[in-house]
Amino acid sequence: MTFNWEGVMPAVFTWLKESKSGGLEIDFDTTQKQAAGILKVQGKGGSRMSGLVGSGTLGENSYLSTKQRLSLLTSLSEVAKEYNVPLISGASAETKEELTRIIEGLAKVGVDTVMVMPPKTKAVPSEKEMYEYFALSEATAKDVHVTIMPYNNPDAAGYHALSTDLLLRLSVLPKVTALKISTIDVSIIETLMLENKDLKILVGVDTVTVHAGLAGACGGITGVGCIFPKASVTMQEYILNGEWAEANKISQALNSMSYLDAQPLLLEYLKLAMGIHHNDVAGGLRTFGKKLTKQQIDDVHARYILAKERLEVLDLIS
């Protein structure tokens with residue numbers, strides 16, 4: 001199936017609930033409901049989200065077991081199929097062999113595109129080693145009938161940066177459907193687009209969505225858009241139409257929340273904001289991540305209220 005990679009895609013949260021033993025377990029029904037609710041929302045121009053990202057950073061990925069993760073993605077694949085959008089999830093490993101197994105597992109549960117992150121090694125791989133790692137993921141993707149999205153996230157701890165030369169070499173591999181660039185340095189996107197104007201680049205940091213669009217990105221993967229989907233979709237509509245002033249108004253309205261997307265505790269912050277938005281603070285506070293202090297909770301609440309008030313003025317609360 002061919003998908004349109006222009007647009008914005010939500011990196012949905014994994015909703016949790018108390019288990020019978022008193023611990024936390026995945027609430028599959030609520031997770032599906034929240035994902036479907038986001039995909040239903042239309043922007044002012046009539047478009048919707050163009051993809052669904054599951055079990056990512058905002059999806060408690062680092063805290064889930066392989067079994068939990070695959071079960072979660074199986075449930076989200078039902079939602080993606082219903083709304084005819086690609087299901088996207090990530091993969092990162094220390095070795096090429098481990099990466100192959102992960103991609104094969106993701107393909108079996110309905111993932112359409114795998115965001116492939118650099119190898120999780122302490123030593124920085126050579127350019128040759130890095131290319132071989134991604135090239136094997138592309139070959140594996142071909143074997144199991146999925147596509148891949150090389151993921152450059154140089155601002156996050158633990159991920160090796162991908163050079164623009166390497167990204168350009170990877171972009172022409174047959175099963176590479178797009179590049180994901182998560183950095184506030186949008187000049188990387190501009191440099192890539194100058195070399196190949198046909199590239200599909202998705203931005204991964206909410207604070208620079210408009211700037212990345214101006215540099216040539218065709219869409220983005222959003223966390224804040226899970227909370228304010230109408231605003232996120234409408235902003236992307238304006239970007240794709242080159243209506244920069246209108247897009248920037250929305251970016252400014254979202255600013256207090258977008259700031260949280262670039263913080264180390266983005267999962268905990270944005271999940272709490274989602275809970276506030278849906279009057280389910282207890283749900284929003286349930287996370288396998290770190291427990292927030294009262295000061296942090298109050299800050300998220302204040303940021304949410306500010307963004308909500310600004311978006312209400314623009315008629316962008318769904």
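**Group meeting: a parallel sheet and a buried helix**

Two strands pair if DSSP finds at least two bridges between them. Across that pairing, Val53 has Ile88 of β5 as its bridge partner.

A quick word on the model: it is predicted, local features need pLDDT of at least 70, side-chain atom pairs count only at pLDDT 80 or more, and totals for chains, interfaces and linings use all residues. Residues are numbered from 1 along each chain as its sequence is written, and side-chain values use heavy atoms, with hydrogens and water left out.

Helices (H or I, at least four residues) and strands (E, at least two) are DSSP runs, numbered from the N terminus. Eight strands make an open, parallel sheet, ordered β1-β10-β9-β8-β7-β6-β5-β4. Its edge strands, β1 (7–10) and β4 (52–53), each pair on one side only.

Now to my favourite helix, α11. Spanning residues 266–277, α11 has 12 residues and reaches 16 Å from first C-alpha to last, close to the 16 Å expected at 1.5 Å a residue (1.5 Å times one less than the number of residues).

Is α11 buried or exposed? Well, 12 of its 12 residues are buried, so α11 is largely enclosed by the rest of the structure; buried means under 20% relative accessible area, with a 1.4 Å probe and protein chains only. Among those buried residues are Glu268, Lys271 and His277. The cover includes β2 (16–18), α1 (28–40) and α13 (294–313), where contact means heavy atoms within 4.5 Å. Just after α11, Asn279 takes a positive phi of about 55°. Thanks, everyone!

Methods
Buried < 20%, exposed > 50% of the residue type's maximum accessible area, 1.4 Å probe, protein only.
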